[in-house]
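Please look over the sequence and the model before reading the points below.

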Amino acid sequence: MTAPEDIVRRATAAFNAGRRDEARALCEQGLIGTPGEPMMSHFLAAVLFASGEIEAARGHIEVSLVKRPDNAAARLLAARLARTTGDFDGALSHLDHATALAPQREAFIEKARTLDQAGLRPQARQAWNAILDVAPDNVEAAARSGRLAWEDGETELASKFLERAAQTDAPASVWFDLGLARQDLRDYAGAAAAYRKAIELKGDLAEAAFNLGVVLQEAGLLDEAMRAYTRAYRLRPASFGNIAMALTSASHGGLWLDEASLRRALEG
C-alpha cells in the first residue's frame with residue numbers, strides 16, 4: 001500500500017502543476033484504502049476549497065482535525081472555510097486554537113478578516129492595527145484600517161492609513177477609499193488624483209468617475225467635471241439623477257433647460 005506521505009506528495013505536485021482533478025483523485029483513492037487519514041483529508045480539503053466546494057472541504061478538514069486536533073495549519077484552513085460560510089464563531093474558535101499552537105502572522109490576519117466580516121468593528125480595527133504594528137507594509141491591514149476609520153468619521157486618520165496602503169501596488173478599492181477621505185478633508189486635488197488612479201486600475205468603476213466629477217466641480221473645473229460625469233453616465237445610466245443634482249446644487253455648477261438637454265450633454 002502506498003504511504004499517505006507519497007500520495008500527498010504526488011497530489012501536491014499535480015495541484016501545483018494545475019492538475020486539480022488529478023490531485024483530487026489521488027487523495028480520494030488514497031482515502032478509500034485509509035479512511036479518515038488526516039494528512040490526505042487535510043490536503044483534499046485544500047483542493048476542494050480552491051475549487052469552491054466549501055461544504056465538502058469543511059467535511060474533510062473536520063475529519064482531519066478529529067485525528068490531529070493540534071495541527072495549526074489544519075485549524076487555519078478550517079477557520080477560512082468557516083468564515084466563508086458565515087460561521088464566524090466557529091472560525092474564531094479555530095483561530096484561537098491555531099494561534100495557541102503556533103502564533104503566525106497569517107492566523108492573525110485571518111482573525112482580523114473574520115472580525116471585520118462579522119461586523120465586530122472595534123475588535124476588527126484593533127486587530128488590523130495590531131498587524132500594522134508588526135507589519136507596517138501590509139497593504140490589506142492599512143487599507144482596512146483606513147476604511148474602518150473613515151466609516152467611523154476619523155477622516156484624517158483614515159487618510160494616513162490609506163496613503164500608507166497606496167504606497168505599494170494597491171488595488172482600485174484603496175485608491176477609491178483614499179479619494180473619499182481626501183474629499184471629506186476638502187483636498188479636492190488629492191481626491192481627484194486618487195479617483196483617477198482608481199479609474200486607471202478599474203475602468204468600469206462608475207462611483208469613482210462620479211466622485212471625480214464632484215471634486216473637479218468643487219475645484220471649479222466644470223469642463224473636466226463634465227467629462228468625468230459623462231464617463232459615469234455611460235458606465236451607469238442610472239446615475240443620471242445624482243449627476244443632475246450635483247451639477248445644479250454645488251457652488252460651481254450649471255443649469256440646463258430640461259432633462260433632455262442634460263442627457264444630450266452627457267451623451268456627448
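A search of the whole structure finds 24 salt bridges, a salt bridge being a side-chain nitrogen of Lys or Arg within 4 Å of a carboxyl oxygen of Asp or Glu. Side chains of opposite charge can pair when their charged atoms come close. The model is predicted, so local features need pLDDT of at least 70 and side-chain atom pairs count only at pLDDT 80 or more, while totals for chains, interfaces and linings use all residues. Residues are numbered from 1 along each chain as its sequence is written, and side-chain values use heavy atoms, with hydrogens and water left out.

**The pair Arg80 and Glu110**

- Arg80 and Glu110 form a salt bridge in which the closest N and O atoms are 3.7 Å apart.
- This pair links distant parts of the chain, 30 residues apart: Arg80 belongs to helix α5 (residues 72-84) and Glu110 to helix α7 (residues 105-117). Helices (H or I, at least four residues) are DSSP runs, numbered from the N terminus.
- Arg80 is partly exposed at 24% relative accessibility, whereas Glu110 is buried at 0%. Buried means under 20% relative accessible area, exposed over 50%, and partly exposed in between, using a 1.4 Å probe and protein chains only.

**The salt bridges of Arg121**

- Arg121 meets Glu151 in a salt bridge, with 2.7 Å from N to O. Because Arg121 lies in helix α8 (residues 121-134) and Glu151 in helix α9 (residues 139-151), the pair ties together parts that are 30 residues apart in sequence.
- Arg121 has a relative accessible area of 29% and is partly exposed; Glu151 is also partly exposed, with 38%.
- Asp152 forms a salt bridge with Arg121 as well, the closest N and O atoms being 2.8 Å apart. Asp152 is in the loop between α9 and α10 (155-165) and Arg121 in helix α8, so this pair joins parts 31 residues apart in sequence.
- Asp152 counts as partly exposed, at 37% relative accessibility.
- Through salt bridges that share partners, Arg121, Arg125, Arg147, Glu151, Asp152, Glu154 and Asp177 are joined into one network.

**The surroundings of Met39**

- Met39 is located in helix α3 (residues 38-50) and is partly exposed, with a relative accessible area of 23%.
- Not counting residues up to four places away in sequence, Met39 touches Pro4, Glu5, Val8 and Arg68, where contact means heavy atoms within 4.5 Å.
- The C-alpha atoms of Met39 and Tyr233 are separated by 54 Å, and the two residues are 194 residues apart along the chain.

Conventions. Helix = DSSP H or I, 4+ residues; strand = E, 2+ residues; numbered from the N terminus.
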